[in-house]
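Have a look at it first, then read on.

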Amino acid sequence: MRIAVLTIFPELFEPFLSTSLVGRARERGLLEVAVHDLRDYTEDRHRSVDDEPYGGGGGMVMTAPPWLRAVRALSGEGPAGRRSWRVLLSPQGRRLDEAKVRELAGRGELLLLCGRYEGIDERVRRLAVDEEVSIGDYVLSGGELPAMVLIEALSRQVPGVVGLDKSVREDSFREGLLDHPHYTRPPEVEGSRVPDVLLSGDHAAIESWREREAVRATFEKRPDLLDAAELTAEQEKELERLRAREGVREGM
């Protein structure tokens, strides 16, 4: 997978890109990430990327020409014979979720645009952006942190980046459910014990417990996910049990 990032703060990315799974994936050639400075595409001696907004009010707005030059220079035909898919990180975009991560990973070549200040001239959105993506309904100072979130999520979709493929398959949201609880040594912490089934060595029973617990976690924390989740017969039965228990509780 190839990712290019366009920002006025390229120095923010190096520690992130050199660390943990992302850093190792780059070292092994599984993930290619290139960070580009938007100011390299300016044409004035001050390397200006912003100006006052028409109509007055508010803060500075990023000007269109540097963005258009940069995007067109960086998103041309790649080695795979296709141009990069151009993503603007924006609170106005579609909310990032597991399905969107998988969809973007399938693009193969991405160009991530990280705005700053009050935003980017609207003509950049119209002329040089394929889609906008948001990591949540809140406002940050720029698109750099959202771009890092997206890169981290994308990296997990690249074969070989995560050591155990099973751990990726069982990630939260993969099948529309949250992940089941996890435990490790010691078996007891301040009176709280690991569930007996996890110590039993019965792999079928453990798998069954994990399936049920994934439903329970989703029911308690993110019930909005359940309508679209793909449930096994055992999980459907567990969900019915949880809903019945909740109904009894509400009637008390």
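## Ground rules

Contact, as used here, means heavy atoms within 4.5 Å. Helices (H or I, at least four residues) and strands (E, at least two) are DSSP runs, numbered from the N terminus.

This is a predicted model, in which local features need pLDDT of at least 70 and side-chain atom pairs count only at pLDDT 80 or more, while totals for chains, interfaces and linings use all residues. Residues are numbered from 1 along each chain as its sequence is written, and side-chain values use heavy atoms, with hydrogens and water left out.

## Strands in the middle

Let's start with strand β6, residues 109-114. Six of its six residues are buried (under 20% relative accessible area, with exposed meaning over 50% and partly exposed in between, using a 1.4 Å probe and protein chains only), so the rest of the structure largely encloses β6. Glu109, Leu111 and Leu113 point one way from this strand, and Leu110, Leu112 and Cys114 point the other way.

Strands count as paired if DSSP finds at least two bridges between them. β6 runs parallel to β1 (residues 2-7), joined to it by five bridges, and Val5 has Leu112 as its bridge partner in β6. Five bridges also link β6 to β5 (residues 85-95), again in parallel; here Leu88 is partnered with Leu113. β5, helix α4 (residues 98-105) and β6 together make a right-handed β-α-β unit. Right-handed means that, with the strands pointing away from the viewer, the path from the first strand over the helix to the second runs clockwise.

What about β1 itself? Five of its six residues are buried, so β1 too is largely enclosed by the rest of the structure. It pairs with β2 (residues 32-37) in the parallel sense over six bridges, with Arg2 standing opposite Glu32 in β2.

## The nonpolar cores

In soluble globular proteins, nonpolar side chains tend to be buried together. A nonpolar core is a set of buried Ala, Val, Leu, Ile, Met, Phe, Trp, Tyr and Cys residues joined through side-chain atoms within 4.5 Å. The largest one here has 27 residues, and those with the most contacts inside it are Ile3, Val5, Leu112 and Ile151. Two or more residues each come from β1, α1 (13-17), α2 (20-27), β5, α4, β6 and α6. The top contributor is α6, with five residues. Apart from this core lies another, of 19 residues, including Ala4, Ile8, Val49 and Val124.

Which residues does Val5 touch, leaving aside its neighbours within four places in sequence? They are Phe13, Val33, Ala34, Val35, His36, Leu111, Leu112, Cys114 and Ile151.

Helix α6 covers residues 144-155. Its buried residues include Met148, Leu150, Ile151 and Leu154, along with Glu144 and Ser155.

In α2, Leu21, Val22, Gly23 and Ala25 are buried, and their cover includes α1 and α6. After α2 comes Gly29, which has a positive phi, near 80°.

## A buried serine

Ser134 sits in strand β7 (residues 131-134). Its relative accessibility is 2%, so Ser134 counts as buried. Not counting residues up to four places away in sequence, Ser134 touches Ser90, Pro91, Gly93, Arg94, Arg95 and Leu96. A polar atom of the Ser134 side chain also lies 2.9 Å from the backbone oxygen of Gly136.

Note on methods: The expected span of a helix is 1.5 Å times one less than its number of residues. A polar contact is a pair of N or O atoms within 3.5 Å; within protein, one must be able to donate a hydrogen and the other to accept it, and residues adjacent in sequence count only if both atoms are side-chain atoms.
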